[in-house]
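Please look through the sequence and the model below before reading on. The paragraphs that follow begin with a sheet, move to the helices beside it, and end with a single residue.

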Amino acid sequence: MTAAGVDVVARGASVRGPRGPVFEGVDLDVPAGGLLAVHGPAGSGRTSLLLALAGRMRLSGGAVRVGGHVLPAEGRRVRRVVAVARAAPAVALEGRLRVREVMTERCLTSPGVTERRIREAFGTLDIAPRGADLVEDLGPVDGLLLATALALAEQPGALVVDDVDAGLPPDAQPLVWQALERVRNDGPTVLTGCLRPPPVPGLTALLLPRRSRDRLPADKAAAREDADT
């Protein structure tokens with residue numbers, strides 16, 4: 001059984017890096033159980049926005065509400081509600097591990113996650129990865145859906161999946177978006193980043209313009225709000 005989805009609302013959300021704005025003045029409304037597609041070219045701040053919505057990057061301006069919790073003040077609570085499947089380079093599976101090893105690792109590091117929950121998530125996403133396979137040897141579809149399943153097993157209120165269409169051939173993209181549709185129909189709100197939004201009914205799409213090719217360093221993009229109360 002999964003957690004119910006949460007609504008995600010942003011008003012004037014902004015993040016600045018050492019060389020200027022990463023994104024700024026973002027307004028969005030995603031209903032509980034909805035699907036958000038943040039799209040735009042490289043350097044538009046897609047990944048940074050998704051990490052900010054997940055409470056893993058500190059806002060420099062504006063506010064975000066995730067369910068009943070407001071950022072930046074309640075970062076710890078938001079991080080308990082939002083699971084991040086992929087947002088490279090800050091969040092990504094270790095390619096040198098085997099599938100069974102990343103499953104074991106998730107059970108040890110994420111409260112409440114069990115092998116049974118992970119396998120239930122495999123069923124939702126219609127995948128059956130072999131435990132002996134190396135993560136780096138999985139194809140782009142299987143790698144993305146494995147990361148999504150591990151995050152879904154945390155039973156979050158919202159789930160972040162970045163670079164959904166990265167490296168996917170055109171004929172594989174509908175398969176992935178259909179899988180993410182099943183995820184949100186199963187409970188959580190799904191927050192994605194992509195180059196182009198899919199033709200999905202009820203989708204909330206947000207276009208970010210290119211600002212810079214410069215990225216915040218990965219160590220600053222990870223959860224750095226340990227001082228939050």
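**The sheet and its surroundings**

Five strands, in the order β6-β7-β8-β3-β9, form an open sheet in which the pairing is parallel, where two strands count as paired if DSSP finds at least two bridges between them. The edges are taken by β6 (82-86) and β9 (204-207), each of which has a single partner strand, so one side of each is left without a neighbour in the sheet. On average, neighbouring strands of this sheet are turned by 15° against each other, direction ignored. This is a predicted model, in which local features need pLDDT of at least 70 and side-chain atom pairs count only at pLDDT 80 or more, while totals for chains, interfaces and linings use all residues. Residues are numbered from 1 along each chain as its sequence is written, and side-chain values use heavy atoms, with hydrogens and water left out. Helices (H or I, at least four residues) and strands (E, at least two) are DSSP runs numbered from the N terminus.

Within the sheet, strand β7 (residues 158-161) runs parallel to strand β8 (residues 189-194) and is joined to it by four bridges; Ala158 stands opposite Thr189 in β8. Helix α1 (residues 46-53) packs on the sheet, touching β3 (35-39), β6, β7, β8 and β9, and its direction makes about 160° with that of β8. Such angles run from 0 to 180 degrees between N-to-C directions, with axes fitted as lines to C-alpha atoms, for helices over the stretch in contact. Helix α5 lies across β6 and β7, running at about 165° to β6.

Helix α5 also takes part in the packing of α3 (residues 99-109), whose buried residues pack against α4 (115-125) and α5 (140-152), contact meaning heavy atoms within 4.5 Å. In α3, Val99, Val102, Met103 and Arg106 are buried, that is, under 20% relative accessible area, whereas exposed means over 50% (1.4 Å probe, protein chains only). Seen down the axis of α3, its buried residues fall within an arc of 105°, so they line one face of the helix; the arc is that of the directions from the helix axis to the C-beta atoms. The face of α3 turned away from this buried side carries the exposed residues Leu108 and Thr109.

Ser14 has its place in strand β1 (residues 8-17) and is buried, with a relative accessible area of 12%. A polar atom of the Ser14 side chain lies 2.9 Å from the backbone nitrogen of Gly25, and a polar atom of that side chain lies 3.2 Å from the backbone oxygen of Gly12. Not counting residues up to four places away in sequence, Ser14 touches Phe23, Glu24, Gly25, Leu59, Ser60 and Gly61.

How values were computed
A polar contact is a pair of N or O atoms within 3.5 Å; within protein, one must be able to donate a hydrogen and the other to accept it, and residues adjacent in sequence count only if both atoms are side-chain atoms.
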